[in-house]
Amino acid sequence: MWFVTGLIVIWFLIYFNLERLAVVIYNITGLSSVKDGYARSIEFFIYEVPKVLLLLTIIVFVMGIIRTYFSPEKTRALLEKKSLFLGNILASVLGIFTPFCSCSAVPLFIGFVEAGIPLGVTLSFLIAAPMINEVAVILLFGLFGWKTAVIYVSTGLVIAIISGYIIGKLRLERYVEPWVYEIKSNRKGTGEDKINLQDRIDSGYTAVKDIVGKVWIYIIIGVGVGSFAHGYVPEDFMAGIMGKSNWWAVPLSVLIGIPLYSNAAGIIPIVQVLLEKGASLGTALAFMMAVIGLSLPEAIILKKVLKLPMIFIFFGIVGVGIILTGYIFNLIY
Amino acid sequence: MVEVRVLGSGCARCKELEKMCYNVAAENNIDADIQKISDLKEIMSYGIMQTPGLVINGEMKISGKLPSATTLLNWMQEA
């Protein structure tokens, strides 16, 4: 416990002095006297990289602990016998906190359906879980501020709730592979309820090791690209293509985003460059949601349990939801 | 003989768990029958919702994450 507390104190000390540290480095290296593009790029880089990595580490750690309280089994139990709309809301919110990996999408889908959870509610979960993940939210918060992060989470939730609700209303059960309904599993569980605080903290460490260990390189590359654009690419470079005046920019971004597959850490720096260089917020967010929320690999995995028309309907409805969100944001901002 | 079943349809962690089982058994001279189960229907009959899953002598031990090598060794020796 002392060890964790110590680490957290150190974290706060570094995080809240980052700006000062960056300025010190900036002065020592003599960069502050250079008024060139590359100085602006490096200034941006030496401040942003540690900031984003620190934010990511603490949130992944905290989420790793929180997730030990939300096993898929518990989530399933919470969702059983819930009415359609309420179920969709609950499933979407739980999608944020329940541990999820797209490689487990199929067992999870079967586990839910087998427990009698309606198809629409199950899909609300499967939409929210990948789209609203802590890496995406933290990067948005770190790079664009809390408003953008809140907007992202809330629109993601609305899309998951409404898309799942519509799919539920359409009664598409016939497009689920019949063998899914034939499975009768014994639900003994793994007896993992007996975990103590130390186990939960260990889960936090494991999450940091797994996630930060995997995405740090994307962040450095991504922020690097962002820094370069910061110093060199003209401000309105993207305005013509992805600005508000182009009505087709939103659907096109979504269409391009679906086959692209990236984790949140890889895509956000790209979004950052797009925004900084004149793309509108709605278009950039729509692109990001399409890339991380709808992905070809997930479609291929889900093909094992869903028939093709169902996959098209699923992606179609979520895609339309993302496009509408994009337009709404372009109107507001 | 310990009967070890690794449930998983091909994710990175599933392969890692299978490798771990072989290594732990070999390093500690445990006579183990290790098999990977990748058929979805069979995986689902164990009632797990996250892969990989680990079943030792018919008992579900863990799902969705990797055990530590020590824990894995304990499970195999207990069984």
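The model is predicted, so I used local features only at pLDDT of at least 70 and side-chain atom pairs only at pLDDT 80 or more, while totals for chains, interfaces and linings use all residues. Residues are numbered from 1 along each chain as its sequence is written, and chains are lettered from A and ligands numbered from 1 in the order in which they are written.

**Entry: α6 and α7 of chain A**

I took helices (H or I, at least four residues) and strands (E, at least two) as DSSP runs, numbered from the N terminus. The axes of α6(A), residues 105-114, and α7(A), residues 119-131, come within 10 Å and cross at roughly 150 degrees. Axes here are lines fitted to C-alpha atoms, for helices over the stretch in contact, and angles run from 0 to 180 degrees between N-to-C directions. The two helices are therefore roughly antiparallel; angles under 35 degrees count as roughly parallel, over 145 as roughly antiparallel, 65 to 115 as roughly perpendicular and the rest as oblique.

I then listed the contacts (C-beta atoms, placed from the backbone, within 7 Å). Ala105(A), Phe109(A), Phe112(A) and Val113(A) of α6(A) meet Leu119(A), Thr122(A) and Leu126(A) of α7(A). By class I read 6 nonpolar, 1 polar and no charged residues. Nonpolar covers Ala, Val, Leu, Ile, Met, Phe, Trp, Tyr, Cys and Pro, charged covers Asp, Glu, Lys and Arg, and the others, Gly among them, are polar.

**Entry: α15 of chain A and its partners**

I looked up α14(A), residues 264-276, against α15(A), residues 281-293: they pack at about 165 degrees with axes 10 Å apart. That makes the pair roughly antiparallel. The contact involves residues including Ile267(A) and Val271(A) of α14(A), and Ala284(A) and Met288(A) of α15(A). Its classes are 12 nonpolar, no polar and no charged residues.

For α13(A), residues 249-257, the axis comes within 8 Å of that of α15(A), and the two cross at roughly 20 degrees. These helices are therefore roughly parallel, and their crossing is right-handed. The residues that meet include Ser253(A) and Gly257(A) in α13(A), and Gly282(A) and Thr283(A) in α15(A).

**Entry: fold of chain B**

Chain B has 3 helices and 4 strands, running β-α-β-α-β-β-α from the N terminus. Its open sheet of 4 strands has the order β2-β1-β3-β4, with mixed pairing. β2 (32-37) and β4 stand at the edges with a single partner strand each, so one side of each lacks a neighbour in the sheet. I read an average twist of 20 degrees from one strand to the next.

β3(B), residues 53-56, pairs with β4(B) in the antiparallel sense over 4 bridges; pairing requires that DSSP finds at least two bridges. Ile56(B) stands opposite Glu59(B) in β4(B).

**Entry: contact of chains A and B**

The contact takes 17 residues from chain B and 18 residues from chain A. On the side of chain B, α2 (40-45) and β4 (59-63) each supply at least two residues, and α2(B) gives the most, with 5 residues. I read that side as 9 nonpolar, 6 polar and 2 charged.

Definitions and conventions
Two residues are in contact if their C-beta atoms, placed from the backbone, lie within 7 Å. A crossing is left-handed if the near helix is turned anticlockwise from the far one by less than a right angle, and right-handed if clockwise.
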